[in-house]
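The sequence and the coordinates are shown first, and the description follows.

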Amino acid sequence: MTSPGNEPSSKAILFVVSSLAPGGSEKKTVLIVNRLAAKGYDVSLAYLNKPEYFLNAISEKVRLFKVDRRGLFDLRALRRLKSFMADNAITPVSYTHLRA
């Protein structure tokens, strides 16, 4: 997602994962968000619940949001995520479904 001059786009990018548990998908997601942030992208990472194993591995340039989902169908959590997205002008979303 770069503009014609190989500059990062101005759009915010949000990655959503179930947790920051010690696993391969979570580790790859952390590596991706850190790399994108280092290249100047506006990157956010939302996670639904604990564990937070990789929390300290996430760059300070990445905006973090703990959704704190309670139960499988938590409408309050969905509203919190929607509000976070609106507050940070986020429209593109990448969701990594690990364990719902």
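The model is a predicted one.

## Overall architecture

The chain contains 2 helices and 4 strands. Along the sequence these elements follow the pattern β-α-β-β-α-β. Of the 100 residues in the chain, 36% are buried. Among contacts with a separation of 6 or more, 60% are made by residues 24 or more positions apart. The chain exposes about 6,400 Å², and carbon and sulfur atoms supply 54% of that area.

## Backbone features in the loops

The loop between β2 (42-47) and β3 (63-66) holds Pro51. The peptide bond that joins Lys50 to Pro51 is cis, with omega at about 5°.

Asp68 has a phi of about 60° and belongs to the loop between β3 and α2 (75-87). For Ala89, phi is near 55°, and this residue is found in the loop between α2 and β4 (90-96).

How exposed is Asp68, given its relative accessible area? The value for Asp68 is 26%. Buried requires under 20% and exposed requires over 50%, so Asp68 is classed as partly exposed. Ala89, at 60% relative accessibility, counts as exposed because the cut-off for that class is over 50%.

## Aromatic pairs

A pair of aromatic rings is described by the distance of the centres and the angle of the planes. A search of the whole structure finds 2 aromatic pairs, which are set out below.

| Pair | Centre to centre | Angle between planes | Class |
|---|---|---|---|
| Tyr53 and Phe54 | 5.0 Å | 90° | edge-to-face |
| Phe65 and Phe84 | 4.5 Å | 10° | stacked |

Why does the pair of Phe65 and Phe84 count as stacked? The planes of Phe65 and Phe84 lie at 10°, and planes under 30 degrees apart count as stacked, so the pair falls in that class. The pair links distant parts of the chain, since Phe65 is in strand β3 and Phe84 in helix α2, 19 residues apart. Both Phe65 and Phe84 are buried.

Tyr53 is exposed, with a relative accessible area of 55%, whereas Phe54 is buried, at 12%.

## Two buried residues and their contacts

Leu20 is located in the loop between β1 (12-17) and α1 (24-38). At 1% relative accessibility, Leu20 is buried. Which residues are in contact with Leu20, leaving aside its neighbours within four places in sequence? They are Glu26, Leu45, Tyr47, Asn49, Pro51, Glu52, Tyr53, Phe54, Leu55 and Ile58.

Ala46 is part of strand β2 and is buried, at 0% relative accessibility. Not counting residues up to four places away in sequence, Ala46 touches Leu14, Phe15, Val16, Val17, Phe65, Val67 and Leu81. Phe65, one of these contacts, is also a member of the stacked pair. The C-alpha atoms of Ala46 and Leu14 are 7.2 Å apart, although the two residues are 32 residues apart along the chain.

## The largest pocket

The largest pocket has a volume of about 240 Å³. Its lining consists of Val16, Leu48, Val67, Arg69, Leu72, Phe73, Asp74, Leu75, Ala77, Leu78 and Leu81. Helix α2 contributes the largest share of this lining, with 4 residues. By type, the lining of the largest pocket divides into 9 nonpolar and 2 charged residues, with no polar ones. Val16, Val67 and Leu81 are among the lining residues, and they are also among the residues that Ala46 touches.

Note on methods
Residues numbered from 1 in each chain as written. Predicted model: local features only at pLDDT ≥ 70, side-chain atom pairs only at ≥ 80, totals over all residues. Heavy atoms only, no water. Buried < 20%, exposed > 50% of the residue type's maximum accessible area, 1.4 Å probe, protein only. 1 Å grid on protein atoms, 1.4 Å probe; cavity = no way out; pocket = protein on both sides within 12 Å on 5 of 7 lines; lining within 4 Å. Points joined across faces, edges and corners; volume = space filled by probe spheres on them. Nonpolar A, V, L, I, M, F, W, Y, C, P; charged D, E, K, R; others polar. Phe/Tyr/Trp six-rings, centres within 6.5 Å; stacked < 30°, edge-to-face > 60°. Contact = heavy atoms within 4.5 Å. Areas by Shrake-Rupley, 256 points an atom, 1.4 Å probe, with all protein chains shown as cover.
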